[in-house]
Amino acid sequence: MRAYLDNSATTAPCLQAIEASNRALSEAWQNPSAAYASSIAINREMDDCRNLILKKLGGKGSIVFTSGGTESDHIAIAGAMKKRGARLVVTTSVEHPAVLRNAENYENIQLPVNNACGIDLDAFEKVIKENENIGIVSCMHVNNETGAIFPIEQMAKIVHENSQALFHSDGVQGFLHVPSVDMKDIDLYSISGHKIHAPKGIGALYIKNGIRINTPVVGGGQENGLRSGTENTAGIYALKAAVESDRFDYGSVISLKMKLYEGIMDIFPKAVVNGPDPKSGAAHILNISFPGILAEVLLHALEGEGIYVSTGSACAARQSHPSHVLKAMGLPGDRIKSAIRFSLSGYTTEEEINMTLEALARQLPVLARFKRR
């Protein structure tokens, strides 16, 4: 048996998504832009996926298929800035690199967060009011390292009441993971398939009705001209199946998370949560520091027992620099170096949590005897 607790990095494709992908590859492989009946049927299935995502979001707009969250973020930010001819992008300091690296192409204000990865709405409103020529404001729905849930509903309202800017949210860790929000003020919202049990290489961008952006992805004009390139029909079929078969129950997942958290605190009372209180953060993410123990050492000790966790964002897993999220929260270096992220899914079992706690009970006392120099 193994315990996979790195679901914020990627999730295992569900059986329904695999079967749908195989059906597309074997039966629906024709170019969806062609005029014959089989291609029209493929387009109908793609539209069914769009409508399903819109229903889950509760938004009124359109869905553009992309290769994943990174491309969705890029189209949203670059497309908005190109259309509006603006100079300034406002983000938080803890965004995913897909947002921060795009923002670097423009003037960028990065809003600070507190030591629980929370944002001050009054300070946010002040920034919006005091700065002209803001093209877009981008704030993630759920932080991928700490599980902090941002008040995107209120932030979007503030943006529209005080500026002409668009509001975008990176919803990669939010979609199907946290209770839905009112989308009426959210102009753009990014989704990634492989975070919700679809394969890698498929994602989507929600665009609210009436919003116009100039795409940075030009070519044959697919996806209403916003994302050229022949559509990944196998990925789209799989994405639809994954959304349809979603089994993420917030109450069940947070119950497992709290069992994990409480078990860790019993085993290692010096452990410290990084981010919001576990009960108020996203159900599937728990970031904890184990003072005196290097996270990388603990990660490999757990791996040796068949348990898979991470030290932060998968994008930076093989890089030596510390987490920009924990650093932006003002946490000391030793605490950052001892931080482990546990991330669950709707498929996580109580047996996996028990297995993890048993392994931690064996490994932590041993590792705590070795002092770092």
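1. Helix α2 (residues 37-57) has 21 residues, and from its first C-alpha to its last it reaches 30 Å, close to the 30 Å expected at 1.5 Å a residue. The expected span of a helix is taken as 1.5 Å times one less than its number of residues, and helices (H or I, at least four residues) and strands (E, at least two) are DSSP runs, numbered from the N terminus. This is a predicted model, in which local features need pLDDT of at least 70 and side-chain atom pairs count only at pLDDT 80 or more, while totals for chains, interfaces and linings use all residues. Residues are numbered from 1 along each chain as its sequence is written, and side-chain values use heavy atoms, with hydrogens and water left out.

2. Among the residues of α2 that are buried are Ile-42, Met-46, Cys-49, Leu-52 and Leu-57, where buried means under 20% relative accessible area, exposed over 50%, and partly exposed in between (1.4 Å probe, protein chains only). What covers the buried residues of α2 includes α1 (15-27), β2 (61-66), β7 (188-192), β8 (203-208) and α7 (233-244), with contact meaning heavy atoms within 4.5 Å. After α2 comes Gly-58, which has a positive phi, near 75°.

3. For helix α3 (residues 69-84), the 16 residues should span 22 Å at 1.5 Å a residue, and the end C-alpha atoms are 22 Å apart, which agrees. The buried residues of α3 include Glu-71 and Asp-73 as well as Ile-75, Ile-77 and Met-81. Gly-85 follows α3, and its phi is positive, near 60°.

4. An open sheet is formed by three strands in the order β9-β10-β12, and their pairing is antiparallel. The edge strands are β9 (272-273) and β12 (339-343), each of which pairs on one side only; two strands pair if DSSP finds at least two bridges between them. Strand β10 (residues 285-289) is joined to β12 by five bridges, and Ser-289 has Ala-339 in β12 as its bridge partner.

5. A search of the whole structure finds two cavities of 30 Å³ or more. A cavity is a set of points on a 1 Å grid over the protein atoms alone where a 1.4 Å probe fits but cannot get out, and lining residues have an atom within 4 Å of a point; grid points are joined across faces, edges and corners, and a volume is the space filled by probe spheres set on the points. The largest cavity has a volume of about 100 Å³, and of the 13 residues that line it, Ile-196, His-197, Asp-246, Arg-247 and Phe-248 lie nearest its centre.

6. The second largest cavity holds about 30 Å³ of space. Its lining includes Thr-146, Lys-257, Val-273 and Asn-274, and β10 gives the most to this lining, with three residues.

7. Two residues deserve a look for their backbone angles. Most residues other than glycine have a negative phi. Cys-117, although not a glycine, has a positive phi of about 70°; Cys-117 is found in the loop between β4 (107-111) and α5 (121-130), and at 2% relative accessibility it counts as buried. His-197 likewise has a positive phi, near 75°, in a residue other than glycine; the place of His-197 is in the loop between β7 and β8, and it counts as buried because its relative accessibility is 12%.

Key:
1 Å grid on protein atoms, 1.4 Å probe; cavity = no way out; pocket = protein on both sides within 12 Å on 5 of 7 lines; lining within 4 Å.
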